[in-house]
Every structure is written in C-alpha cells, then in structure tokens.
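Morning, everyone. I'll walk through one fold today, from the overall layout down to single side chains. Please have the sequence and the model open.

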Amino acid sequence: NSITNELFLSVAAHLANRVPGRKKYYVSWAQKEWDWFTAQAFIGENGTINDGLLDNCQNNGALCEQFFWSEYLFLTNLEQVVVNQGVVLGGLVELNKAAPNDAYLPAANKIAKAAIATLADSNKVIHEVCEPQCLPDGTQFKGIFIRNLRMLHKASPHDLYRNVINSCANSIWNNDRNEKGQFGVNWAGPIMAVVDASTHSSAFDALVAAVAVSGS
C-alpha cells in the first residue's frame, strides 16, 4: 500500500534529522523509499496518489482511477480517505531538510495542490467522500493531511495552503462544534453521526495548524 511506504519514508526522514551520528544511514533509506515509490507510479497524472499495488506488483490505479486516498482506500466499499495525500508531504519536507534536493519540495507541492483541488469544496474546506460515516479510523485522516500541509507551508509557503488551513479551522469552529465544545467529522458542518476522540483530535490538528500559519 502507498500509505505504508509513505510512513516508512516519513519515519526515516524524521530520524535523519534527529538521531545523532546516523543521518547518512536514515537519509539513504528515505531516498531509497522515495525512488522506489516514484518508480511504481503511485502518483497519478493529476498529482493525486493511488492506493497501492496488486499482488503481482502492478499499480492498481486502473482499478481505482476515480478513487484515491488521503490515507487509505478500501476497495470493498470504495471509501475515499485523505491520509495518502498528507503523510508524504511531511516526509518530503523532512527529507529535503536532511538532504536538500531540488525535486522534493516541488513534488510535495504538486501532490498538495492536486489533493486540495480534489478534496476541498468551494469554501476551501477539506472533505472525505465517506462523510459522515468515516469509520473506523477515517475520521482522523483530514487532520493528518492538514498537519502535514502545515509542515509543507512552513518549508514552501503558499497562499493556497494558508487559505485552506484557515478555512478549515474557521469552519470547524463556527459550523462543526456542538454545545459541549466537541467537533465532528464534517468540517463544513453540521455535526452528524459519530463524535469521538478521533473526530475531536482531527479537528484540533486543523485548529493548531491555523495558529501556526497565522503569522506567515
């Protein structure tokens, strides 16, 4: 799956910037991962990321060309999620920090802009097609995407990223908050279906990101 490889990339790149004396080792693994990832054509022509590979290692984009993950894609019910489009952004930012390369941030920007074009509504609020029933863990994915988008904005500022982050945070606060101060999965509002720790923490990722970009 693309998400498992994105997580490997992200962890290796983060460790390269944090483990004394092991930078080259972790950079090497992160670069190997990114080289392999891009060679599998996980990234579609429009910049969005497909789910993964079939058992014969063939890219499954042909099977899910209308559906991609923000993090996971379940072919059983065609639940689209945002996480696949997010984790890779933070991984590329960290890899570029550890081993600067002219290709990493442009690649991240292409993915981010494609994801926004596909996932954001006319008010620049991010959605999953599974809303409001994004279970069991799809309720968390938009927060992961926004958290990593904030990382990309810090490394490669863009008005679009700041606008999306602020639009999501403002809509959550104004339209997706109940009388108990809890947040739901539909950031455009109103609150529907489940409200739990996952929907709450995902929304907080957007609120924290908005605070972080307020001065940028």
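This is a predicted model: local features need pLDDT of at least 70, side-chain atom pairs count only at pLDDT 80 or more; totals for chains, interfaces and linings use all residues.

One definition before we start.

Now the layout. The protein chain has seven helices and two strands. Reading along the sequence, the pattern is α-α-β-β-α-α-α-α-α. The chain has 216 residues, and 51% of them count as buried. Take the contacts between residues at least 6 apart in sequence: 59% of those join residues at least 24 apart. The exposed surface comes to about 10100 Å², with 53% supplied by carbon and sulfur atoms.

Next, the interior. As background, nonpolar side chains in soluble globular proteins tend to be buried together. Here, the largest nonpolar core holds 50 residues. The residues with the most contacts inside that core are W34, L89, I126, F145, I146 and L149. Which helices supply at least two residues each? α1, α2, α3, α4, α5, α6 and α7 each do. The biggest giver is α4, with nine residues.

Look at F145 for a moment. Set aside the neighbours within four places in sequence. F145 then contacts V82, Q85, G86, L89, A115, I116 and I126. There is also a second, separate core of five residues, including A16, Y26, V27 and A99.

Y26 belongs to helix α2. Is Y26 buried or exposed? Buried, because its relative accessible area is 18%, and the cut-off for buried is under 20%. Not counting residues up to four places away, Y26 touches A12, L15, A16 and V19. The C-alpha atoms of Y26 and A13 are 6.4 Å apart, with the two residues 13 apart along the chain.

Now to the surface. F8, Y25 and W29 form a nonpolar patch there. Together they have about 300 Å² of accessible area. W29 is in helix α2. At 36% relative accessibility, W29 counts as partly exposed.

On to charges. How many salt bridges does the structure hold? Four.

Start with R18 and E94. Their side chains meet at 3.0 Å, N to O. R18 is in the loop between α1 and α2 and E94 is in helix α3, so this pair ties together parts that are 76 residues apart in sequence. E94 counts as buried, at 6% relative accessibility.

Then K142 and E131, at 2.6 Å, N to O. K142 is in helix α5, and E131 is in the loop between α4 and α5, 11 residues apart. Both K142 and E131 are buried.

Then D205 and R147, at 3.1 Å, N to O. D205 lies in helix α7 and R147 in helix α5, so the pair ties together parts 58 residues apart in sequence. How exposed are the partners? D205 counts as buried, at 16%. R147 is partly exposed, at 39%.

Stay with helix α7, where S198 also sits. S198 counts as buried, at 16% relative accessibility. The S198 side chain reaches the backbone nitrogen of Q140 at 3.4 Å. Beyond its neighbours within four places in sequence, S198 is in contact with T139 and Q140.

Last topic: backbone geometry. P190 is in the loop between α6 and α7.

K124 is the one to check for phi. Its phi is near 65°, a positive value in a residue other than glycine. K124 is in the loop between α4 and α5, and K124 is partly exposed, with a relative accessible area of 32%.

That's the tour. Over to you.

Note on methods
Residues are numbered from 1 along each chain as its sequence is written. Side-chain values use heavy atoms; hydrogens and water are left out. Helices (H or I, at least four residues) and strands (E, at least two) are DSSP runs, numbered from the N terminus. Buried means under 20% relative accessible area, exposed over 50%, partly exposed in between (1.4 Å probe, protein chains only). Contact means heavy atoms within 4.5 Å. Accessible areas come from the Shrake-Rupley method with a 1.4 Å probe; for residues, only the protein chains shown count as cover. A nonpolar core is a set of buried Ala, Val, Leu, Ile, Met, Phe, Trp, Tyr and Cys residues joined through side-chain atoms within 4.5 Å. Patches are made of residues with over 30% relative accessible area and no salt bridge: like charges are joined within 9 Å, nonpolar side chains (Val, Leu, Ile, Met, Phe, Trp, Tyr) within 5 Å. A polar contact is a pair of N or O atoms within 3.5 Å; within protein, one must be able to donate a hydrogen and the other to accept it, and residues adjacent in sequence count only if both atoms are side-chain atoms.
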